[in-house]
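Colleague: I am new to this one and would like to understand the words you use for it. Could you show me the structure and take me through them?

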Amino acid sequence: MEDARLRLEREAEDGQHGGGRAPRALTAHEADYGVYFAHSAELIELLTPEGAIVDATGSQRVLGIAEREHVGKNVFDHVHPDDREALRRAMDDCLARPGSPVRAELRYAVADGRLRVFETVRVNRLGDPTVRGIVASYRDITERSLLHEQFVHAQKMEVVGQLA
């Protein structure tokens, strides 16, 4: 989040943040959040209502993409094409329910081209003047998802075996 502080300071100087409104300086408490999330196993993003990534922490660890390359992209660019409609519904639901967490499981492409399954949670904080965005968190649940699929398959095979 140190990058976020520097970006806010630069935007304040340029008058770019928040439609020309200069943001206030981060408090020490808010700056501490960067330390809290610096080593998180999750990806945390700040999004616009359209899905543009305004800020991110953890994209290098989780996706293999440096934060400076990740910020400015759109979440729809990373999601599997078959999951884009589910992402659109999650974003619409999030916009319709400010402050309420909206969960979804979606497949995203990581830097090496592999698809990973993520449990995502989005919270609309657009009305909060300290956030002014959608906060999204992503937890990689690929292994859990694969184990679940294997378990379901094993159960089906057991039923087939009992029928034979």
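Modeller: Gladly! Let me start with Tyr108 and Phe118, which are both buried; buried means under 20% relative accessible area, exposed over 50% and partly exposed in between, with a 1.4 Å probe and protein chains only. Please keep in mind that this is a predicted model, where local features need pLDDT of at least 70, side-chain atom pairs count only at pLDDT 80 or more, and totals for chains, interfaces and linings use all residues. Residues are numbered from 1 along each chain as its sequence is written, and side-chain values use heavy atoms, leaving out hydrogens and water.

Colleague: Why is the pair of Tyr108 and Phe118 called edge-to-face?

Modeller: Rings of Phe, Tyr and Trp (its six-membered ring) pair if their centres lie within 6.5 Å; planes under 30 degrees apart count as stacked, over 60 as edge-to-face and the rest as tilted. Here the centres are 5.7 Å apart and the planes stand at 80°, so the pair is edge-to-face.

Colleague: What makes this pair a tie between parts of the chain?

Modeller: Tyr108 lies in strand 3 (residues 102-109) and Phe118 in strand 4 (residues 115-125), so the pair ties together parts 10 residues apart in sequence. Strands (E, at least two residues) and helices (H or I, at least four) are DSSP runs, numbered from the N terminus.

Colleague: And how do you know that Tyr108 and Tyr138 form an aromatic pair?

Modeller: Their rings are 5.4 Å centre to centre, with 90° between the planes, which is again edge-to-face. This pair links Tyr108 in strand 3 with Tyr138 in strand 5 (residues 133-140), 30 residues apart.

Colleague: How do you know that the length of helix 6 agrees with its number of residues?

Modeller: The expected span is 1.5 Å times one less than the number of residues. For the 13 residues of helix 6 (residues 84-96) that should be 18 Å, and the end C-alpha atoms are 18 Å apart, so the two agree.

Colleague: Which residues of helix 6 are buried, and what puts them on the same side?

Modeller: Leu87, Ala90, Met91 and Cys94 are buried in helix 6. They cover an arc of only 100° around the axis, so they sit on the same side of helix 6; the arc is that of the directions from the helix axis to the C-beta atoms. On the other side of helix 6, Arg89 and Ala96 are exposed.
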